[in-house]
Amino acid sequence: MNPDHTSQMDHATATAAQALEWPRLLELLAQHAQSAMGIARCRSLPLSDELAGARLRQQETTEMASLLEGGEPMPTLAFPDIREALSRAGKGGDLETHELRDCALVLALMEDVERVMNGCRAEAQALAQVVEPLQGTKGLRPIRSAIEAAIHPDGAIKESATPELRRLTHHAQGLKQEMREHLDRVLHSRKYEEILQESYFAQREGRYVLPVKADMRGRIPGIVHDVSASGATVFLEPREWVELNNAIKVADLDIEREVRRILRELTTLVAAKSGQIVSGMEALAEFDCIEAKAELSRWLKSNPVALNEQGCVVLKQARHPLLMAAKERVVSNDIVMDGASRVLVISGPNTGGKTVTLKIVGLYALMARAGLHLPCAPESEMAIFTHCYADIGDAQDLSRDLSSFSAHMTQMVQLLSDAGARAGAGEPAASRSLVLLDEPVTSTDPQEGAALAEALLCRLASLNMKVVVTTHYGPLKELAQTTPGFANASVEFDVERLAPTYRLFMGIPGGSSALEIAGRLGMDETIVNDARRRLRHENRRLEQLMADLQLKQRQLAEETERAQRAREEAERAAAEAKALQLKMEQAEQEARKGLKKKLGEQFQRARAEVQATVDAVKREQKLIKVKEAKQRLSELEAHTRQELAPAGEPVPVEQLGIGDTVEITGLGMTGSLLEAPQGKKRVRVKVGEGEVMATVSNLIGLARGSDVSAPPAAPSTGPRRFSTGGGLGLDEQTVVDVRGQAADDALDRVVAALDRAALAGERFVRIIHGHGTGRLKSALREYLKDSPYVEEFRPGDRSEGGDGVTMVKLR
């Protein structure tokens, strides 16, 4: 089966298309096309007969819409229609310069479109098939180059087209320049002042002449070529100019002959590829039409929808495309006819929008076959109907002596006859037939009309046709409410405002509200009341029941809409709150960074004070200075712990046990206790895969169950326990690992380690810096030479890590 198979509309579908105002929609589509061929294609848009073809057409529109939204500039498709010129060239006729110029424009556009599509072939495979005839357009480039080399963009022949044309042109220009010199002498001579009618020259049949007064023409020997309308002026060629004019004429004829030869050669080139060029133009026209579809889709806020051939129609937030083109705001409605539903009966007051709903379904059926996006929600679904019947409006035909009733009955008879003929021909496509009936079987006795309408709908349903019908008949509403495969729907009318709301309620019938509308329009109240009394009691109750149902349905719809809005607002508020929370967390992180920087500066000042104290101790030999400095630094560290403590209440050290999570202050490391800290000065802490001896006073117990975000220390930066050959125990205060760090950062860490070791009374510090390029080792040892803490330092021995380690002895 060919997925691209399309057909012209059958007579019934063509008639239905007119009733549905399909030509108006096609005219809207054509307004978005750029070329004459594209416009013509839009106005005669073919319809796909098969589901695969309709899906392919829709996919083309979807891919084009994506390309337009992607920002990639598309070539302008306003190309000229040169098919007639190509046909003439193929028959041996010569093309004019402007026709060849148009050929070059078309060839250039074909190459541009091919280039653009080659760049997006993977994501636009359906469109790539459309422009397949443009493949190989580069082979036409010599033709385009030849035309552009010979013809200006304005359609004039170029002097440089051939060397011979240039020579002939220069020769003719020289002769004309000589003639202008003769003219200038005559026009500015006092001798000819009284002879000439005016001081100008003219040309007649390609020859230069002078405007001579009629009564003075004997004063200049020559040839008269023309006489003015008044007879007062003769246009005369002086005898001495005849040879020069002859030479100019011959030169112009030589140029014309060379131009015709050039055009003939270019025409021959074009004629040889005319078939390929025509195929390319057809592809460009189709491309232009698809771009118009995408532009119309964007204008109508349309979407691609799922297509099926099971007769399932699920339209969410459907809007009439022609109303959208005419109004700023159009009410959207849900229209649902699932696979089990065959007949939808729409009731309600006049001018309430019943016929609009009818036309929406019909237009959407045609749009789906044409590959147009539908102005409804993207989760919608539309069936492919290959046959469409529509009986909308007054079908009265006085020329055939048909009343309204007779005309409608004739159409129904024809519909049933066509359905029977297709069934007899073995077509299994009854389920792919859509029937649209606007108030069928009216203009006759209401009881008989209702009964006939019921029978007609039951027959159409038995043929498995999809039927949408509008009505005021109560029995049809009852039929839809009680019969499987039938469904009711109603349109709303605001009686208070005497205005339709155009809202459609699925599942419930609607009243006509004729008496209420008549009263609001000014009908005498006694007449309205009399009419109401004349209604049968059960009819009044039914009308009131439908009004109450519609009111409740409207209230339910409004509540649902409010709930939806509330949900959207809640989701939006939640999203805003989440964004605000994230922003606050980022701000807190920035604040903590700032605090750390500030505390770092405070530590620098504290170190300076410690250094000054150490110097004073050297001079004064007083222990009290050291104790004061140690107390001040301890206070600063305690304040730092409080400022940078993790979220939640810290666990007191007295309550910590084996396995509890702790933070080792000063190192910024987190680990778990390997032994209880009570009554001890130092304990073992597991950090990552290693083990550290930590001073109990430097531990902060993290709240149990809190989210510990600090990562475990990497092996290259975390302190580890070592024992030197001399039995010196090294822990987090006496080992500092700065491998892989920048020199400035490493110096900061080493100075901090020396501070802690000096205050703790340690004598040795081991600095692990590695070998690397040697720059870090040199920078550290250069600092240690002048450090007031350091008594001496040396490279580590083999057991201590060799030259990748520096052992420092403190004062």
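Hello everyone, and a word on ground rules before we look around. We have a predicted model, where local features need pLDDT of at least 70 and side-chain atom pairs count only at pLDDT 80 or more, while totals for chains, interfaces and linings use all residues. Residues are numbered from 1 along each chain as its sequence is written, and side-chain values use heavy atoms, with hydrogens and water left out.

Let's start with the whole chain. Its secondary structure comes to 22 helices and 27 strands; these are DSSP runs numbered from the N terminus, with helices being H or I of at least four residues and strands E of at least two. Of the 811 residues, 43% count as buried. Buried here is under 20% relative accessible area, exposed is over 50%, and partly exposed is in between, with a 1.4 Å probe and protein chains only. Among contacts with a separation of 6 or more, 67% come from residues 24 or more positions apart, a contact being heavy atoms within 4.5 Å.

Now to the inside. A nonpolar core is a set of buried Ala, Val, Leu, Ile, Met, Phe, Trp, Tyr and Cys residues joined through side-chain atoms within 4.5 Å. The largest one has 71 residues, and those touching the most other members are V113, M117, I147, V212, V270, I277 and F287. Which helix gives the most to this core? That is α6, residues 97-119, with ten residues. If you click on V113, you will find P75, L77, V131, L134, L284 and F287 touching V113, leaving aside residues up to four places away in sequence. Apart from this core lies another, of 57 residues, including A16, L47, A365 and L434.

Next, a helix pair. Two packed helices are described by the angle between their axes and the distance between the axes. For α9 (residues 163-187) and α10 (residues 242-272), the angle is about 155° and the axes are 9 Å apart. Axes are lines fitted to C-alpha atoms, for helices over the stretch in contact, and angles run from 0 to 180 degrees between N-to-C directions. The two helices are therefore roughly antiparallel, a label for angles over 145 degrees. On the α9 side the contact includes L165, L168, A172 and L175, and on the α10 side it includes L244, I248, A251 and I255. By class, this contact has twelve nonpolar, four polar and six charged residues. Nonpolar covers Ala, Val, Leu, Ile, Met, Phe, Trp, Tyr, Cys and Pro, charged covers Asp, Glu, Lys and Arg, and polar is the others, Gly among them.

Finally, some single residues. E21 is not a glycine, yet has a positive phi of about 65°. E21 sits in the loop between α1 (11-19) and α2 (22-30) and, at 25% relative accessibility, is partly exposed. K301, also a residue other than glycine, has a positive phi near 55°. Its loop runs between α11 (274-299) and β7 (306-308). Is K301 buried or exposed? K301 is exposed, at 57% relative accessible area.

By contrast, look at S380, in the loop between α13 (354-370) and β11 (381-383). S380 is buried, at 1%, and touches V305, A306, V314, L315 and K316, again not counting residues up to four places away in sequence. Last stop: F764, in strand β25 (residues 764-768), is 46 residues from L810 in sequence but 5.9 Å away in space, C-alpha to C-alpha.

Notes
Parallel < 35°, antiparallel > 145°, perpendicular 65-115°, else oblique.
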